[in-house]
Each structure stands twice: as C-alpha cells, then as structure tokens.
Amino acid sequence: MRRFLSLGLLCLLLLGMTLNAQAQDAETNNPDDAAALELLEALDVDSYAAKGEAITAILQSDDERARDWLQALLDGRLQRTDDGRFVRVLDNRGRDWPVADVLTGEELGEMSRRDLERIGINNNLRNQLRSAIAVVDLYSPSVERRRTSAERLLGEVDAELVPILNDLIEQEEDDQVRYRLTQAVAIYRAEEGEMAGVEALDGSLHPRSRVALSRAANSDDPVVANAATAALTGIEQQLKINRGLETLYFGLSLGSVLVLAAIGLAITFGVMGVINMAHGELMMLGAYTTWGMQQLLPGQPGLALIVSIPAGFMVAALAGVAIERGVIQFLKGRPLETLLATFGISLILQQLVRTVISPLNRTVITPEWMSGSLVVNDALSLTLNRMVVLGFALVVFAGLMLIMRRTRLGLEVRAVTQNRAMARSMGIRATRVDIMTFALGSGVAGLAGVALSQLTNVGPNLGQNYIIDSFMVVVFGGVGNLWGTLVAGLSLGVINQVLEPWVGAVLAKIIVLVFIILFIQKRPRGLFPQKGRAAEG
Amino acid sequence: MSLTTESSTNFWLTRPFSERSTQIFLGVLVAALALVTILHVAVPAGNPLHIGAYTVNLFGKYLSYALLAVAVDLVWGYLGILSLGHGAFFAIGGYAMGMYLMRQIGDRGTYGDPVLPDFMVFLNWDSLPWFWHGFDMAWFAFAMVLLAPGLLALVFGFLAFRSRVTGVYLSIITQALTFALMLAFFRNEMGFGGNNGLTDFREILGFDLRTDATRLGLFLATGVALALGFILCRAIVTSKLGRVSVATRDAEARTRFLGYRVERFQLFVFVVSAMLAGLAGALYVPQVGIINPSEFSPIFSIEIVLWVALGGRATLYGAVIGAILVNYAKTLFTGIMPDAWLFALGGLFVFVTVFLPKGVAGLLLHLKRKKRGDDDSTPTDKIQEASV
C-alpha cells in the first residue's frame with residue numbers, strides 16, 4: 001500500500017516536473033553547485049519520508065547528474081565524508097575505497113571506509129528510485145539518452161507509468177523515442193488484453209512485443225486473441241525474411257574471407273602451376289603483423305590497423321619472395337614436390353611463431369569504428385566488422401582486377417598463365433614474372449590475415465584452418481580466373497551458412513567438401529575453366 | 001630394380017623372388033625380425049642387449065607405418081598419383097579393427113554392458129548402430145579391414161579417374177577427402193566414439209593384448225604382412241599392368257592414345273594400395289591400443305608422403321627405409337626436445353625435395369655405381385628422371 005502511495009506521489013511530481021522542465025527549457029540544465037548541494041543535503045536526514053521528498057526534488061531539479069546520483073543512492077554508493085562532501089564510491093572492496101566527488105566528478109583518491117557515511121534507504125525508497133531512474137532520462141535534453149531510456153522501458157511499464165508516458169509521447173519530438181514509448185505502452189496494454197495494444201504491436205519485430213502478443217493470444221476475449229494470433233503470424237513471416245537476410249549476410253561475410261584467402265592462392269597457382277601450402281601461414285604472418293602494430297602503437301588500434309594493411313602486405317610479400325627464391329625456383333616443373341616443400345615451410349613458420357611469440361592466441365583489438373553493429377530493425381542487425389571486411393575484400397578484388405587488366409605486370413602475368421613457353425619466346429622474362437606474382441599473391445595473403453585478425457583469434461593455427469577451404473575455392477572457381485574465385489568464394493560461404501542451421505557446422509562443411517568432389521566430376525576445371533590452348537593439361 | 005623381361009614368362013606373383021633387390025630386402029627383413037625376437041626372448045632382461053616389450057611394440061608400430069608407406073609408394077611412385085589422403089584408408093582399416101576389438105571387450109567395460117561399447121552406453125544409446133553388427137566375428141572384421149578402405153577407394157577413384165582429375169587437383173581432392181572424414185569422425189553421432197575414438201581394448205583372437213607374448217606376435221605378424229605386401233607390390237609393378245602404370249605416370253595422354261584404358265589401371269592400383277593401407281591400419285591399432293580421428297588429419301597423410309620421398313620414390317624398399325627413419329627420428333625428437341620436432345620435420349620436407357629428389361635409395365644407388373665406376377644413369381633412371 002505504501003509503495004502504491006509513494007508511486008502515486010511520484011507520478012504527480014513527475015507530471016509537475018514535465019511542466020517545470022518545459023519552463024526551464026531555454027535555461028541552463030546545470031544549475032550551480034550550491035543548489036545541487038542543497039538538493040543532496042536534503043537526502044541526509046533521518047526520516048525516510050523526507051528522503052522520498054528529497055528524491056522527488058532531485059528529479060524536479062532537471063540536473064544532468066541526477067541520474068548518477070539516484071543510481072549511486074540506489075546502489076548504496078552515495079556517501080558523505082566527514083567534512084560534509086558528497087562522494088560516489090567507485091569500488092567498495094577492501095578497507096580503503098576510491099571515491100569521486102558527485103558534484104564535480106573529480107576523483108579524490110582512496111578514503112578509509114571509516115571516514116565515510118552511507119546515505120541509507122529502505123525498500124520503499126528503492127522502488128521509488130527504480131521507477132524514477134527508468135523515466136528520469138526521458139526528460140533529458142539529449143536525444144541519445146532519451147532513446148536508450150525508452151528502449152529500456154519495453155516490457156517494464158506498469159499501470160502508474162502509462163499516463164506519464166502518454167504525456168511524454170505527446171511532447172516528444174524525436175520519432176524514434178516516440179515510437180519506442182508507444183510500443184512500450186502498447187506492450188503493457190496487449191498484456192492486459194486490450195485490443196488497442198494488440199493493434200499497435202502489429203508488425204513490431206521486438207522480442208518483447210512477441211511475448212506480449214502471445215500472452216494476448218491466450219486472452220479470454222476471442223476477438224483480441226484472434227487479432228493477436230494474426231499479428232503473430234505476420235511477425236513470424238517478417239522474422240523469417242530477416243533471418244534469411246541475416247544468413248545471407250553471414251554467408252557473404254564468410255565468403256569474403258574465403259575470397260581473400262583464396263585469391264592470392266589462385267594467382268600463384270594460375271601463373272606457376274604450383275600449390276603454395278604455406279599460403280595459410282602467410283595469412284598468419286599478416287594477422288600477426290596487425291597484432292605487432294597494435295603493440296607498437298598502444299592506445300590507437302584504429303591507426304595500427306590502417307598501418308597494418310601496407311605492413312601486412314609487405315611482410316607477407318617479402319616472406320613469399322623468400323620462399324620463391326629459396327625453395328620453389330629449384331623445383332621448376334615439379335609441382336608435387338613444390339607442394340611438399342611448401343608444406344614443410346608452413347610447418348616451420350607455424351613452429352617459429354609458437355616458439356618466438358607464443359603458442360597461445362593473441363588478442364587483436366577491434367577499433368571503435370569497426371565494433372558495434374548497424375541496426376536495420378529489431379530483428380536484424382549487421383555487425384560492422386564483418387561489413388568492413390566484406391568491403392575490404394571487394395576493394396582488394398577490384399585492385400587485383402585493375403592490376404591484372406590495366407598494368408604491364410598484369411599483361412605479362414596473363415601471358416605466362418596462358419602459355420609460358422610462348423610468352424618467353426615473345427620476350428617476357430618469366431622468372432621475373434614468377435617473382436612478382438609470388439610477391440603479389442603472398443601480399444594478398446597478408447592482407448587476408450590483416451582482415452582475419454578482426455574476425456577470429458590470431459594464433460599459430462590461423463592459416464591451417466583456412467587452407468583447405470581456400471583450395472576448395474580455387475578448385476571450384478577454376479584456375480587463372482579471378483571472377484571464378486570471387487563467385488566460388490562467395491557462393492561457398494553462403495552455401496555453408498545456409499546449411500549450417502539445418503545440419504550443424506561440421507556436417508555443413510562435410511557436405512560442401514563432398515559437393516565439390518562431385519562437382520569437379522562434371523567440371524574438372526572449375527566453374528570458369530580457361531579456354532583455348534591454355535586448357536590442355 | 002631392373003625391368004628385365006627374361007623372367008616375364010614366370011607366374012607373376014613369384015617373379016619378384018628372382019629380383020636381386022627383393023631378395024636383399026626380404027633377407028634383411030627376416031633377419032631383423034629374427035634378431036628382435038631372439039634378443040627379446042632369449043636374452044635375459046638385465047642384459048644390455050635385451051629388447052624390452054615396449055621397444056618390440058615400437059618396432060611393430062614402425063613396421064605398420066612401413067607397410068603404409070609401401071602402399072603410398074605404389075600409387076605415387078608407379079602411378080604418379082600424389083595421394084594426400086592415404087591416412088584415411090589407414091584410419092578406416094584401423095577403425096574396422098578397433099570395432100572388432102571393442103566388441104571383444106564384451107561385458108568387461110566400465111559399464112558392463114554385454115553388447116554396447118562403453119561410449120554408446122555413455123551416450124545413452126539403446127542398441128548397436130547397424131554398421132556395428134558383425135564386427136564381433138573376427139573373419140567379418142578382418143574382411144572389412146580390406147573391404148571398407150577398398151570400397152571407399154573404388155568409389156572415390158572411379159569418380160576421380162573417370163573425369164581425369166590428375167596432378168595437383170587430385171592431391172587437393174584427396175586431402176579434402178581425409179579432412180571431411182576427420183570432421184565426420186569427430187562427431188559423436190557418427191557412432192565411432194567421436195573425439196576419444198576407440199580404445200581400452202582387451203584381447204585379440206582370445207590373446208590378452210597386454211601380455212608380452214601377444215605384442216611379440218603382433219610385431220611378427222606385422223613383419224609378415226609387410227613382406228607379403230612388398231612382394232605383392234613388386235609383383236604388380238613388374239607385371240605388364242605395372243608397366244602400363246609407369247607409362248601412365250610418365251605420359252598419361254600418350255598411354256591413352258596407345259589404346260589403354262588408363263582410368264582402369266589407375267583405379268585397380270589405387271584400390272590395391274588403399275587395401276594395403278587399411279591392413280597397415282588394422283595392424284597398427286592393436287599395437288598402440290587406440291584409434292581416434294587424428295589419424296585422418298591431413299598432416300598425417302602428408303607426412304606419409306614425406307617418408308616415401310625421403311626413402312626414395314618408386315623403389316618400394318625406399319619407402320620402408322623412409323618410414324622407419326622418420327618415425328625413429330620422431331620418437332627421438334619428441335622425447336628429447338618436442339618443440340624442435342616440427343622444425344626438423346619441416347626442414348626435412350624442404351631438404352628432401354630440393355637436395356634429395358631420389359631419396360636415400362637414390363643416394364645408395366648413386367654411391368654403389370660410383371664405386372663400380374659405372375655410368376651413373378641407366379635407362380630406368382632416365383624414366384624416373386622424366387617423371388619427377
């Protein structure tokens with residue numbers, strides 16, 4: 001009963017507060033500290049009723065810091081020092097607690113717990129505080145804070161809040177906040193079995209709306225129940241589409257990684273006819289370059305990541321040239337031996353990283369502009385890091401296309417791919433083309449590693465996990481054709497993700513492998529085989 | 001080593017016995033088996049020359065690896081197919097043997113179920129999956145040791161050779177095959193014990209697996225299997241069929257134009273090789289006491305190829321030398337400094353391919369000829385040179 005009373009009181013006061021807030025709209029929202037101190041001092045009284053009034057006064061004050069104060073009070077962290085200052089306890093473990101001044105926010109260092117006195121609250125005040133905190137931000141001038149606050153209200157509305165929220169909806173200027181608040185009220189109404197609520201929730205994808213609607217579907221009123229069921233069916237339909245889009249997005253994301261991993265392999269395989277089993281380890285080097293750059297530039301993960309793009313390319317390209325000059329050139333015309341030798345190199349590189357750096361995974365920080373996600377609607381949000389990697393893959397692909405189609409190097413590479421002997425007799429220095437191609441292919445592997453470091457753990461086994469998949473992409477797409485690699489990579493990624501929810505991740509992978517084994521029965525040279533004389537094997 | 005035609009009128013299986021290299025190989029193998037047996041049984045345990053049961057077991061393991069290497073050399077050396085998936089056939093043979101050994105445990109398992117192996121009881125299964133039936137009978141299980149890998153090789157090889165998938169493509173596809181099987185066998189739902197595989201074996205054909213006598217018996221059986229497998233492979237490669245294989249290896253298109261159905265020869269040799277690999281796996285499992293999906297890992301399969309490359313491709317006895325050398329080195333390294341093993345293995349891959357293209361066997365031949373002052377290259381050599 002007392003709780004009800006205090007909540008009623010709160011509502012009345014909040015109503016008053018809206019008017020107050022409007023009156024103060026033009027004025028500064030940060031009244032001087034003397035007034036704030038007065039508000040806080042009203043809390044330090046013995047009577048709980050008086051404290052309740054003080055809380056209301058704080059709400060009415062429209063001070064920006066009000067929410068923090070109330071939260072601290074709720075957590076029992078709002079305390080008073082011997083000399084009468086109000087502080088917030090930052091960490092209440094141990095004997096000495098670090099504190100911060102609640103007025104200035106300035107950190108005051110550690111204080112003995114004996115010198116602090118807690119502002120006590122009881123259960124009634126606790127309830128009052130929770131409701132107050134839920135709505136206090138809705139009065140904030142910051143749209144951002146109003147949005148988060150409205151979001152938090154979904155499913156948390158009770159009878160007392162409804163009139164307040166209705167008033168707020170009328171005054172609200174931001175569409176998103178208004179939409180959320182309407183939804184919050186509608187969820188309450190639908191759960192109470194009111195038709196208006198069910199109608200308002202039709203088409204809403206938020207999980208809380210669905211909970212409310214399924215409750216309404218069990219309502220005693222058959223009209224409401226039918227409407228709710230119909231709304232639910234519509235929502236399910238929408239969700240299915242959104243899930244499909246999400247799968248497609250994840251598939252394209254996985255596919256972009258496969259394309260990045262496979263495209264360098266496709267170039268070297270196409271030109272030199274050798275399989276570089278150490279390709280995965282070159283990716284690993286790229287990923288470790290990102291990690292190393294972040295160690296060199298602490299606190300600036302974004303800058304480090306950008307620097308890593310050329311750095312990763314160079315590191316992997318140099319390693320690739322070393323492999324080509326050191327081993328592969330001695331194995332001309334012996335592709336199977338090259339495969340074995342490069343496999344040996346991959347073992348050495350892996351073990352080298354294990355010994356020199358660590359056998360454990362390293363964490364690469366995702367810069368702020370890549371973390372978080374793009375919210376399309378309540379059921380579909382696209383993670384930003386995957387989107388960036390997808391874009392990056394397309395840029396790399398376009399760049400390689402340009403090099404292949406528009407530069408002298410590209411021309412020579414294509415000539416050697418099609419017919420090495422003929423190209424040589426036309427004066428192309430095949431050895432030089434080999435080196436350049438290998439550097440290019442390895443450098444792209446390094447770029448793939450930089451991109452991968454944003455999606456998975458960076459560890460010595462990073463390359464191994466992708467090498468077989470990237471071979472499959474090359475085999476599937478056909479050698480010597482970049483478009484083939486792109487189409488094959490993206491479609492394998494999507495196929496994998498589409499299968500996954502049905503049969504599980506492992507079985508999906510097996511099905512894809514078996515599919516490729518069967519596929520090359522029909523088309524032994526891949527999706528886009530080379531035509532003409534180059535095709536004879 | 002010679003491809004002489006004088007003895008071609010003999011029965012094809014006995015032909016290898018007239019070859020010098022086979023005689024030497026069999027002589028050394030029999031002598032080694034006899035020596036180990038004598039040193040194990042007749043020399044008392046305190047004597048420094050005594051070979052303990054552990055070492056006998058280790059040698060048995062090496063011999064099963066050697067048989068596997070012979071199987072790989074048959075396809076790589078004489079058919080030109082670099083299979084990076086022979087570990088799959090080895091593991092399937094091993095699993096067939098493992099299933100037999102699991103059924104032999106009977107009700108002596110931890111859960112005491114008379115029919116179901118422990119891991120199935122653990123997974124709350126009510127009955128045996130269909131493919132586990134029959135494995136309580138030794139003859140059926142031993143037949144499956146050969147038939148299961150053979151069937152897989154038949155289906156896979158039929159699809160691959162028919163559409164003329166060769167060279168690097170075939171290598172990658174075989175690797176994908178063993179990778180897919182590894183993923184599949186890691187799943188508990190497959191019914192092969194998942195991650196842990198099959199283990200905790202008790203007895204084989206009524207003999208307790210933990211006694212020294214059984215271990216010696218398994219070692220000798222592996223030695224005999226290696227000898228028989230070697231003779232079979234030699235017989236195949238010296239037969240007319242073997243010569244068509246070598247022709248396929250060296251010039252596939254030309255052989256086809258001469259009127260040979262190349263894919264049939266390839267398929268036959270591939271299936272025989274897979275069965276030998278399965279046999280090697282079946283002999284391996286009771287000696288190490290466990291079979292799990294890690295035998296399917298692509299790294300293991302590619303390691304087998306290294307044994308063959310190190311020993312010397314297209315010699316068969318070289319494969320045996322390579323398998324024993326590498327695995328002995330592995331035992332030494334992993335005991336003394338485990339971190340260095342991958343460096344050594346990786347370095348070996350590079351070293352052998354770049355500096356020892358004909359392996360240890362090639363080196364031996366080279367030294368022998370130099371001593372005699374002969375011309376270093378024979379017609380056979382030239383064929384091999386053209387192929388590598």
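This is a predicted model: local features need pLDDT of at least 70, side-chain atom pairs count only at pLDDT 80 or more; totals for chains, interfaces and linings use all residues.
**First stop: the two chains together**

Begin by showing chain A and chain B in two colours, and then select the residues where they touch: 41 residues of chain A are in contact with 42 residues of chain B. The size of an interface is often given as the accessible area lost when the parts come together. Here chain A and chain B bury about 3,800 Å² between them, and 80% of that area lies on carbon and sulfur atoms. On the side of chain A, select L336(A), L340(A) and Q521(A), the residues that lose the most area to chain B and that together account for 17% of what that side buries.

**Second stop: polar and charged pairs across the interface**

Next, colour three helices of chain A, namely helix 14 (335-356), helix 19 (462-477) and helix 21 (505-522), each of which supplies at least two residues of the side that touches chain B. Which helix of chain A gives the largest share of that side? Helix 14 of chain A does, with 15 residues. Colouring the side of chain A that touches chain B by class then shows 30 nonpolar, six polar and five charged residues.

The crossing of helix 3 and helix 6 of chain B is left-handed. To see the contact itself, show G87(B), A88(B), I92(B) and Y95(B) on helix 3, together with T178(B), L181(B) and F185(B) on helix 6. Among the residues of this contact, five are nonpolar, two are polar and none is charged.

**Last stop: a salt bridge within chain A**

Bring chain A back and select R80(A) and D44(A), which form a salt bridge whose closest N and O atoms are 2.8 Å apart. This pair links distant parts of the chain, 36 residues apart, with R80(A) in strand 1 (residues 78-81) and D44(A) in the loop between helix 2 (33-41) and helix 3 (48-61) of chain A. Over all chains, the count by this rule comes to 19 salt bridges.

Methods
Residues are numbered from 1 along each chain as its sequence is written. Chains are lettered from A and ligands numbered from 1 in the order in which they are written. Side-chain values use heavy atoms; hydrogens and water are left out. A crossing is left-handed if the near helix is turned anticlockwise from the far one by less than a right angle, and right-handed if clockwise. Helices (H or I, at least four residues) and strands (E, at least two) are DSSP runs, numbered from the N terminus. Contact means heavy atoms within 4.5 Å. Ala, Val, Leu, Ile, Met, Phe, Trp, Tyr, Cys and Pro count as nonpolar, Asp, Glu, Lys and Arg as charged, and the others, Gly among them, as polar. Buried area is the accessible area (1.4 Å probe) that two parts lose on being put together, summed over both. A salt bridge is a side-chain nitrogen of Lys or Arg within 4 Å of a carboxyl oxygen of Asp or Glu.
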